[in-house]
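We will go from the whole chain to single residues, one selection at a time.

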Amino acid sequence: MKTYDYEKLNREFETKPAEDIIRWAVKEFSPDLAMSTSFGAESAVLLHLATQIHPSLTVLFTNTGFHFKETLEHRDNLVKRLKLNVRELKPEIPNAEFLAKNGRLYERDPDACCAVNKIAPFEKGLKNYKAWITGIRRNQADTRKSSQFVENYRNELVKVNPLLTWTSRMFWDYAKKYDLPYHPLWEKGYLSIGCSPENCTRPVKLGEDPRAGRWSGTGKVECGIHTFLKMEENNPSSAPK
Ligand code: SF4
């Protein structure tokens, strides 16, 4: 298995454009490479960037069964426009059955709901790949502030975060430049969009943090997809591929 000098790579990537980081990932890992998307407010940008470089890149979408109908419309719109190669991941228990058994678990225990409907299908889907490209940014949440461009997790997977230093302004400039469609709920104040129950996603008020509408009032800030894998603590600078 190949090893990487993560510290060196991350030093280099701090000054590289996102396209260079995606090209590196494609060269290193394709065809065992996928990107994930939620088809949320700013997803179109990474989808466009990545598929300009690798048109047939697998796009993983975890369909929890709780998405807004507008998100699914936005997904269909982007699939058509960018000719995306989407692989849909689904929970083991269909949504109607889950609701019948658990009711509004997303209100009582959102962590448990995310574990079953988001994390489990995503973790299972990731097993087919050696690397995973995400659209996370350092300025989205405290939990993302120390993220690196390339990360080694559990010596199983390489996570690639090419947009870490992007700002919202950069996203919208890029989307405008390439005339990319935006999520229909964005203009209604939904700046970060996840599942449709009100305690999972609500519109944000003027001056609020863009992610303030996610699990508002529950203390939860992440679904767990970006935190469920612990970073390799003993040897962060190199790991078998
Ligand atoms: S975001 Fe809400 S509805 Fe979606 S899986 Fe998590 S708790 Fe459940």
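## The whole protein

Start with everything shown. This is a predicted model. Eight helices and six strands make up the protein. Follow the chain along the sequence and the pattern reads α-α-β-α-β-α-β-α-α-α-β-β-β-α. The radius of gyration is 17 Å, close to the 18 Å that the globule rule gives for 241 residues, so the protein is as compact as a globular protein of that length. Along the principal axes, the C-alpha atoms fill a box of roughly 45 × 40 × 35 Å.

Now colour by burial. Of the 241 residues, 34% count as buried. Then turn to contacts between residues at least 6 apart in sequence: 75% of these join residues at least 24 apart.

## The sheet

Select the strands. In what order do the six strands lie in the open sheet? The order is β3-β2-β1-β4-β6-β5, and the pairing is mixed. Look to the edges next: β3 (85-89) and β5 (150-153) are the edge strands, and each pairs on one side only. Neighbouring strands of this sheet are turned by 30° against each other on average, direction ignored.

Strands of a sheet pair through backbone hydrogen bonds, either parallel or antiparallel. Zoom in on one pair. Strand β2 (residues 58-62) runs parallel to β3, and five bridges join the two. Pick Phe61, then find its bridge partner in β3: Glu88.

## Around the ligand

Select the ligand and the residues around it. Which of the 13 residues there come nearest? They are Pro110, Cys113, Cys114, Cys195 and Cys200. Next, highlight helix α7 (residues 110-126). Helix α7 gives the most to this shell, with five residues. Colour the shell by residue type: nine residues are nonpolar, three are polar and one is charged.

## Pro210

For the last stop, select Pro210, in the segment after α8 (168-177). Is Pro210 buried, exposed or partly exposed? Pro210 has 16 other C-beta atoms within 10 Å. A buried residue needs 20 or more, and an exposed one has 12 or fewer. Pro210 therefore counts as partly exposed.

Show its contacts. Leaving aside residues up to four places away in sequence, Pro210 touches Leu191, Ser192 and Val204. Finally, draw a distance from Pro210 to Asn139. The two are 71 residues apart in sequence, yet their C-alpha atoms are 10 Å apart in space.

Terms used. Residues are numbered from 1 along each chain as its sequence is written. This is a predicted model: local features need pLDDT of at least 70, side-chain atom pairs count only at pLDDT 80 or more; totals for chains, interfaces and linings use all residues. Helices (H or I, at least four residues) and strands (E, at least two) are DSSP runs, numbered from the N terminus. The radius of gyration is taken over C-alpha atoms; the globule rule is 2.2 Å times the number of residues to the power 0.38. Two residues are in contact if their C-beta atoms, placed from the backbone, lie within 7 Å. A residue is near a molecule or strand if its C-beta atom, placed from the backbone, lies within 6 Å of it. Ala, Val, Leu, Ile, Met, Phe, Trp, Tyr, Cys and Pro count as nonpolar, Asp, Glu, Lys and Arg as charged, and the others, Gly among them, as polar. Two strands pair if DSSP finds at least two bridges between them. Axes are lines fitted to C-alpha atoms, for helices over the stretch in contact, and angles run from 0 to 180 degrees between N-to-C directions.
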